[in-house]
Amino acid sequence: MNALKLSIGLLLLFLGLSNHAQKTYNQIIKKEDGEKHLLGLSNRAGLEQAPFQEWFQENYTNYELDEAMLEKSKKKTKGVEVKVFMGTWCGDSKRGIPQFYKVMDEMGIKESNITLVNLDDSSGDYKQSPTGEEKGLNIHRVPTYIFYKKGEEIGRIVESPVTSYETDIAQILNEMPSSPNYKGVGQLHELLAKEDTSHWSQQNLVAHARKVYRSIKADRELNNYGYVLKARGELDKAIAVFEINRMIFPKVANVYDSLAEAYLENGNETAAKFYYEKVLELEEDNENALAQLEKMKEGEE
């Protein structure tokens with residue numbers, strides 16, 4: 001029996017090591033324009049290599065720490081783990097990630113407690129990683145930092161701190177997190193998680209728009225979120241988000257353009273045509289709307 005247990009234990013250990021070995025870190029991809037980016041699981045060493053080290057070192061060195069605020073959280077770091085989602089193509093990530101690492105260094109949080117994931121910026125895999133670490137976490141902006149204790153999320157920073165990294169992290173670790181940026185997207189995400197959007201009526205859309213509109217500051221917030229959902233293959237949810245966005249911002253041509261694109265991808269040419277025509281009511285020379293309507297016309301002939 002002991003020999004059997006030993007064999008099983010060795011097998012599980014081998015499988016665990018094998019799975020760990022299969023993980024690829026700091027994969028560099030080259031885009032069509034020649035730009036190089038990290039993609040997927042990464043770590044600090046990846047950011048300290050060319051061509052990323054220039055902006056990493058500059059922003060790390062130039063960031064001035066708030067020592068007084070750090071003292072309020074240094075003793076709260078035991079058991080804290082952080083998942084970080086970024087893009088080396090993103091200006092907010094280039095600025096914020098080095099600052100975040102400097103704060104982590106000062107607080108004594110080890111790199112082994114930080115999971116760093118670089119997301120794609122291409123349209124088909126928008127803000128996705130090859131191995132899906134972002135799934136189920138509502139990652140719609142980068143960088144996003146999610147803090148955990150005992151496997152439970154205790155707070156997050158979305159895109160940039162509300163006050164500063166030192167202040168926001170101190171609030172999170174002292175169990176008084178402030179609401180992160182893009183509060184309205186978070187509210188809508190919770191609503192979408194609870195309901196089947198494929199059966200939403202116009203009345204449902206209006207009701208949910210009323211729940212979140214005060215928290216939405218600009219049309220790009222929900223527009224970006226809709227494209228993230230579309231890239232994940234959640235087209236029904238993306239359409240619902242775009243519909244709510246055009247209710248909140250009825251005078252913005254781009255919200256109708258995004259909605260038309262989603263309906264076209266979903267096979268509803270009637271709705272797509274209607275919304276591309278709405279684009280032209282607001283921007284009569286909109287090249288994309290004109291081109292899409294011409295394609296649909298040619299398809300009908």
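This is a predicted model: local features need pLDDT of at least 70, side-chain atom pairs count only at pLDDT 80 or more; totals for chains, interfaces and linings use all residues.

Residues are numbered from 1 along each chain as its sequence is written, and side-chain values use heavy atoms, with hydrogens and water left out.

The chain has 13 helices and six strands; these are DSSP runs numbered from the N terminus, helices being H or I with at least four residues and strands E with at least two. Of its 301 residues, 45% are buried, where buried means under 20% relative accessible area with a 1.4 Å probe, protein chains only. The C-alpha atoms fill a box of roughly 70 × 55 × 40 Å along the principal axes.

Let us turn to the sheet. Six strands form an open sheet with mixed pairing, in the order E1-E2-E4-E3-E5-E6; two strands pair if DSSP finds at least two bridges between them. E1 and strand E6 (152-158) are at the edges with a single partner strand each, so one side of each lacks a neighbour in the sheet.

On one side, four bridges join E2 to E1 (residues 27-30) in an antiparallel arrangement, with Ile-28 opposite Leu-38. These two strands form a hairpin with five residues between them, and Gly-34 in the turn has a positive phi of about 95°. E2 also runs antiparallel to E4 (residues 114-118), joined by three bridges, and here Leu-41 stands opposite Val-117.

Elsewhere in the sheet, E3 (residues 80-86) and E5 (residues 144-149) pair in the antiparallel sense over six bridges. Within that pair, Val-80 stands opposite Lys-149.

Finally, the helices. The axes of H11 (residues 253-265) and H12 (residues 269-282) come within 8 Å and cross at roughly 165°; axes are lines fitted to C-alpha atoms, for helices over the stretch in contact, and angles run from 0 to 180 degrees between N-to-C directions. H11 is therefore roughly antiparallel to H12, a term applied to angles over 145 degrees. The contact, defined by heavy atoms within 4.5 Å, involves residues including Tyr-256 and Leu-264 of H11 and Tyr-275 and Leu-282 of H12.

Key
Angles under 35 degrees count as roughly parallel, over 145 as roughly antiparallel, 65 to 115 as roughly perpendicular and the rest as oblique. Buried means under 20% relative accessible area, exposed over 50%, partly exposed in between (1.4 Å probe, protein chains only).
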